[in-house]
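I opened the notebook to log what I looked up in this structure. Entries are in the order I made them.

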Amino acid sequence: MTDAEREQNPDTPHYDRPTGGWGSLISVARHLGEDKPRAGVLETLMKQNKPKGHMCTSCAWAKPASPHLAEFCENGAKATIWDHTLLRCGPDQLARHTVSELRMWRDYDLEMLGRLTHPMRFDAATDRYVETTWEEAFRAIGASLRKLDPKSTVFYASGRASLETSYMWALYARLYGHNNLPDSSNMCHETTSVALKQKIGSPVGTCILEDFESCDMILFFGQNTGTNSPRLLHPLQEAVKRGCKVVTFNPVRERGLIEFANPQSPTEMITGRGTKISDLYLQVKPGGDIAAIAGMIKHLLHLEEDRGGVIDHAFVAEHCHGFDDFTAWARALGWQEIEEVSGLTRADLIEVAEMYARSERVIGIYGMGLTQHVHGSDSIGMLVNLLLMRGNMGREGAGICPVRGHSNVQGQRTVGIADKPELVPLDKLAEMFDFEPPRDRGTTTVDVVQGVLDGSIKAFLSLGGNFARAIPDQDRADPAWSKLELNVQIATRLNRSHTLVGDNTWLLPCLVRGEEDVQATGPQAVTMEDSLSHIHGSIGRRRPASPHLLSEPAIVAGLAKATLDPNPKVRWDDWVGDYGLVRDLIAETYPDQFHDFNDRMFQPGGFYRGNSARDRDWKTETGKAEFTTPQGASALGIKPGDGVYTLVTLRSNDQFNTTIYGFRDRLRGLDTDRMVVLMAPAEIAGAGLSEGQTVTLVSTYDDGMERRLGGLRIIAYDLPMGCVAAYYPEANALVPLELHDLASKTPAYKGAPVRLEPEA
Ligand SMILES: Nc1nc2c(c(=O)[nH]1)N[C@H]1C(S)=C(S)[C@@H](COP(=O)(O)OP(=O)(O)OC[C@H]3O[C@@H](n4cnc5c(=O)[nH]c(N)nc54)[C@H](O)[C@@H]3O)O[C@H]1N2
Ligand SMILES: Nc1nc2c(c(=O)[nH]1)N[C@H]1C(S)=C(S)[C@@H](COP(=O)(O)OP(=O)(O)OC[C@H]3O[C@@H](n4cnc5c(=O)[nH]c(N)nc54)[C@H](O)[C@@H]3O)O[C@H]1N2
Ligand SMILES: [Mo]
């Protein structure tokens with residue numbers, strides 16, 4: 001077994017203390033100082049992720065039934081501090097800057113203006129945002145939508161809005177007449193929704209928190225736990241202490257998967273020593289996961305022939321389809337190709353395969369490292385293949401566990417925000433609300449950008465998020481936004497999408513989840529679904545940042561009433577007065593999963609809405625779990641070579657998507673202005689470049705379009721050969737829109753081909 005610690009190239013930047021520990025406490029304390037939170041934020045934090053408290057607005061990881069004293073992590077704390085800042089961005093502040101000027105600002109500086117306080121509209125004459133009233137905004141937006149063809153409009157949602165808001169948003173779109181309901185998932189885990197549905201008949205992961213108590217091996221693919229879902233480190237640490245083996249596949253040596261010190265363990269805090277997480281850390285090349293898993297599978301097939309007892313034949317025979325075709329493919333694939341594409345050695349892959357063969361209950365965890373590739377669906381299919389071979393699906397302590405992003409992104413799909421009408425009970429909606437829902441397919445993120453570029457999309461309404469900054473090819477898309485006939489942004493802080501204005505642009509500020517939401521029947525609660533399909537109630541208790549804010553349900557209702565003809569079955573005002581009525585509608589629409597919703601919403605640990613694949617009920621085309629054969633050994637659309645590198649876009653430890661909290665990527669030992677490109681030392685030397693030199697990255701995607709990003713400083717970093725890494729969203733101009741997962745259209749943010757041009 002290799003010692004994960006010793007493998008780190010000591011000459012490149014890294015962090016050698018455990019994740020968590022004092023480092024995370026100090027970082028939280030610093031943000032408490034720098035980000036100007038309002039008094040009482042610590043009290044709010046202590047209630048976070050606990051029954052009758054508010055659910056964190058950062059990641060979607062599960063909230064346990066018996067929470068820790070502080071059930072929040074460093075990044076959850078940053079998100080809360082960010083939400084409850086003292087800084088304010090209202091008409092007075094925005095009168096000082098033209099929108100053209102704001103468009104040049106960094107993401108960090110835009111959000112640092114503070115919480116949006118008033119509804120505003122863009123005034124082209126002065127090139128500024130100016131105050132408006134809610135009545136005027138709803139009236140004008142409704143009137144614009146009434147003039148447009150519904151099919152030419154898009155209702156985007158970022159994965160933060162509650163189940164109640166999301167249900168209303170999707171219903172509003174369908175009553176108006178379209179399924180153009182992309183959400184942030186279309187840039188994220190849509191690969192999961194499509195691939196898992198096809199392969200195991202359920203679009204979400206099969207694991208629940210208890211599985212972490214009995215698994216004996218965890219395989220981690222492309223998910224950066226220490227930064228993006230730190231509370232998962234707790235069950236992980238407990239599993240490791242029980243003797244569970246962990247193997248990580250990731251091009252970057254992410255500290256959270258190497259060592260973790262629990263800030264709530266006095267011993268670990270005093271000794272400064274944490275728990276080693278990964279037994280084996282394999283720096284797979286970007287896009288090399290299909291090959292890596294294929295190598296393991298080849299060895300498993302070999303072991304089966306050699307000594308038997310490796311493949312769960314009974315399970316495969318009873319529950320699966322496609323085994324022979326897939327194993328024929330794996331047998332035919334040569335080790336040379338496997339080693340080349342994965343960048344890993346046959347010996348290492350055999351070692352993991354042996355560990356896997358010895359393990360009885362295995363969980364496969366993954367994140368954006370698998371989903372954001374041209375053949376991302378194939379990578380997920382390979383992980384499913386590996387798990388199915390030994391019956392590690394639909395059994396306690398085993399299964400597949402995609403770690404979702406936004407705190408309610410999974411739930412948004414569950415309650416109807418879907419561009420794919422077949423996933424929504426349209427007949428039921430038709431009956432409940434007495435209308436004919438649209439049945440045609442809606443738009444994905446990629447379709448939306450194409451539609452904005454070619455002019456077929458005329459209106460864009462955004463329920464949160466920062467779409468224009470999160471998408472691929474943003475330099476190409478930027479100028480097109482101003483041509484929209486209507487642009488509506490429901491938001492909490494100013495961001496780049498709000499600066500790409502047209503004549504009819506509206507900025508509608510809303511409450512955050514931690515704020516008190518009082519409606520006609522009193523204070524309201526909302527709900528969300530975590531990554532493990534558990535539903536939680538959430539109550540905000542803080543005074544709103546401004547008296548002019550409305551809740552998201554109230555904004556959706558205000559827009560809908562102004563857009564649609566009255567319908568006695570659609571009672572927007574009643575629903576806003578009592579969100580419990582919206583939960584009743586959700587329960588009526590999805591009775592199997594949401595029955596007795598209002599009674600169950602505060603169940604400790606959340607209530608489980610179930611998963612057919614977990615029960616080995618395969619809702620696929622064949623009625624069985626599918627072994628699938630990938631299209632090739634690499635997940636990349638374009639292979640590196642001859643001065644062409646695979647660009648991986650990364651999140652730092654100091655950001656939540658396009659919200660940049662600061663500039664320290666502590667867990668990677670980096671403290672930069674983010675305009676950097678990371679490269680293996682040997683790669684820098686081989687290309688005749690030197691550390692500290694400034695370069696331009698140029699896309700080599702061959703479609704006649706120019707894509708460049710200059711001013712990037714080279715940093716030597718412990719990475720595999722053939723790839724470079726830069727930060728998201730700064731590097732998004734280099735990701736071609738057309739380069740996306742073939743099955744789901746999730747952009748290939750982890751696999752864009754680039755070359756380097758030295759700057760003078
Ligand atoms: N603090 C914080 N928390 C967050 C977020 C945030 O920005 N900040 N974002 C939220 C959202 S919306 C999401 S979707 C999740 C994202 O969380 P993750 O799924 O962790 O996403 P990333 O950080 O983009 O990348 C994951 C990892 O993939 C690795 N990787 C890149 N290419 C490959 C590859 O080809 N193969 C393998 N095996 N690994 C690869 C990268 O090195 C990185 O460690 O986190 C959520 N939580
Ligand atoms: N290159 C590259 N690009 C990527 C990725 C990548 O890994 N690499 N990851 C992709 C992924 S996984 C995702 S999920 C997308 C993220 O895409 P989005 O979800 O669209 O973007 P966010 O950055 O999360 O949105 C931040 C904004 O949301 C608003 N906001 C915050 N809280 C609330 C709230 O409670 N209500 C409302 N209405 N608004 C709120 C604020 O105004 C804030 O500026 O980006 C994708 N883009
Ligand atoms: Mo995401």
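**Entry 1: the pairing of β31**

In which sense do strand β29 and strand β31 pair, and over how many bridges? I looked this up in the model, which is predicted. Strand β29 (residues 676-679) and strand β31 (residues 708-716) are parallel, and four bridges link them. I then picked out one residue pair: valine 676 is opposite arginine 713 in β31.

I also checked β30. Strand β30 (residues 694-699) pairs with β31 in the antiparallel sense, again over four bridges. Here threonine 694 is the residue that stands opposite arginine 713. A reminder to myself: strands of a sheet pair through backbone hydrogen bonds, in either the parallel or the antiparallel sense.

**Entry 2: two open sheets**

I went on to the sheet with β1. It is an open sheet of three strands, ordered β1-β9-β10, and its pairing is mixed. At its edges I found β1 (19-20) and β10 (275-276), each of which pairs on one side only. β1 runs parallel to strand β9 (residues 259-261), and two bridges join them. Glycine 20 has alanine 261 in β9 as its bridge partner.

Next I took the sheet with β20. Three strands form this open sheet in the order β20-β21-β22, with antiparallel pairing. Why is one side of β20 and of β22 left without a neighbour in the sheet? β20 (526-529) and β22 (607-608) are the edge strands and each has a single partner strand, so one side of each has no neighbour there. Four bridges join β20 to strand β21 (residues 534-538), and the two run antiparallel. In this pair I noted threonine 527 opposite glycine 537 of β21.

**Entry 3: ligand 1**

I listed what surrounds ligand 1. There are 31 residues around it, and Asn250, Glu254, Gly287, Asp289 and Gln655 come nearest. I divided this shell by class: 12 residues are nonpolar, 15 polar and four charged.

Then I looked up polar contacts. A polar side-chain atom of asparagine 228 is 2.8 Å from an oxygen atom of ligand 1. A polar backbone atom of glycine 287 lies 2.7 Å from an oxygen atom of the ligand. For glutamine 655, a backbone N or O atom is 2.7 Å from a nitrogen atom of ligand 1. On its own, ligand 1 has 920 Å² of accessible area, and the protein covers 99% of that.

Which elements supply at least two residues each to this shell? I found α11 (225-228), α19 (368-371), β24 (645-650) and β25 (655-656). By domain, the shell draws at least three residues from each of domain 3 (190-403) and domain 4 (645-758).

**Entry 4: ligand 2**

I repeated the search for ligand 2. Of the 31 residues around it, Glu111, Tyr156, Glu552, Thr658 and Asn732 come nearest. The shell holds 11 nonpolar, 14 polar and six charged residues.

A polar backbone atom of alanine 470 is 2.8 Å from a nitrogen atom of ligand 2. A backbone N or O atom of arginine 493 is 2.8 Å from an oxygen atom of the ligand. Asparagine 657 places a polar side-chain atom 3.1 Å from an oxygen atom of ligand 2. The protein covers 97% of the 930 Å² of accessible area that ligand 2 has on its own. α24 (467-470) and β16 (486-491) are the elements that give two or more residues to this shell.

Which domains each give at least three residues to the shell around ligand 2? They are domain 2 (88-188 + 408-608) and domain 4 (645-758).

**Entry 5: the record for residues 646-752**

I checked UniProt. An unreviewed entry there places the feature "domain: Molybdopterin dinucleotide-binding" at residues 646-752. In the model, the end C-alpha atoms of this span lie 6 Å apart. The span is 6% helix and 36% strand.

**Entry 6: backbone exceptions**

Most residues other than glycine have a negative phi, and most peptide bonds are trans. I looked for exceptions. Tyrosine 728 and proline 729 are joined by a cis peptide bond, with omega about 5 degrees. Proline 729 sits in the loop between β32 (723-727) and β33 (752-758). Aspartate 127 is not a glycine, yet it has a positive phi of about 60 degrees. I found aspartate 127 in the loop between β4 (120-123) and β5 (128-131).

How values were computed. Residues are numbered from 1 along each chain as its sequence is written. Chains are lettered from A and ligands numbered from 1 in the order in which they are written. This is a predicted model: local features need pLDDT of at least 70, side-chain atom pairs count only at pLDDT 80 or more; totals for chains, interfaces and linings use all residues. Side-chain values use heavy atoms; hydrogens and water are left out. A residue is near a molecule or strand if one of its heavy atoms lies within 4 Å of it. A polar contact is a pair of N or O atoms within 3.5 Å; within protein, one must be able to donate a hydrogen and the other to accept it, and residues adjacent in sequence count only if both atoms are side-chain atoms. Accessible areas come from the Shrake-Rupley method with a 1.4 Å probe; for residues, only the protein chains shown count as cover. Ala, Val, Leu, Ile, Met, Phe, Trp, Tyr, Cys and Pro count as nonpolar, Asp, Glu, Lys and Arg as charged, and the others, Gly among them, as polar. Domain bounds come from an automatic or database domain assignment. UniProt positions are given in the numbering used here, feature names are shortened, and annotations may be inferred rather than shown by experiment. Two strands pair if DSSP finds at least two bridges between them.
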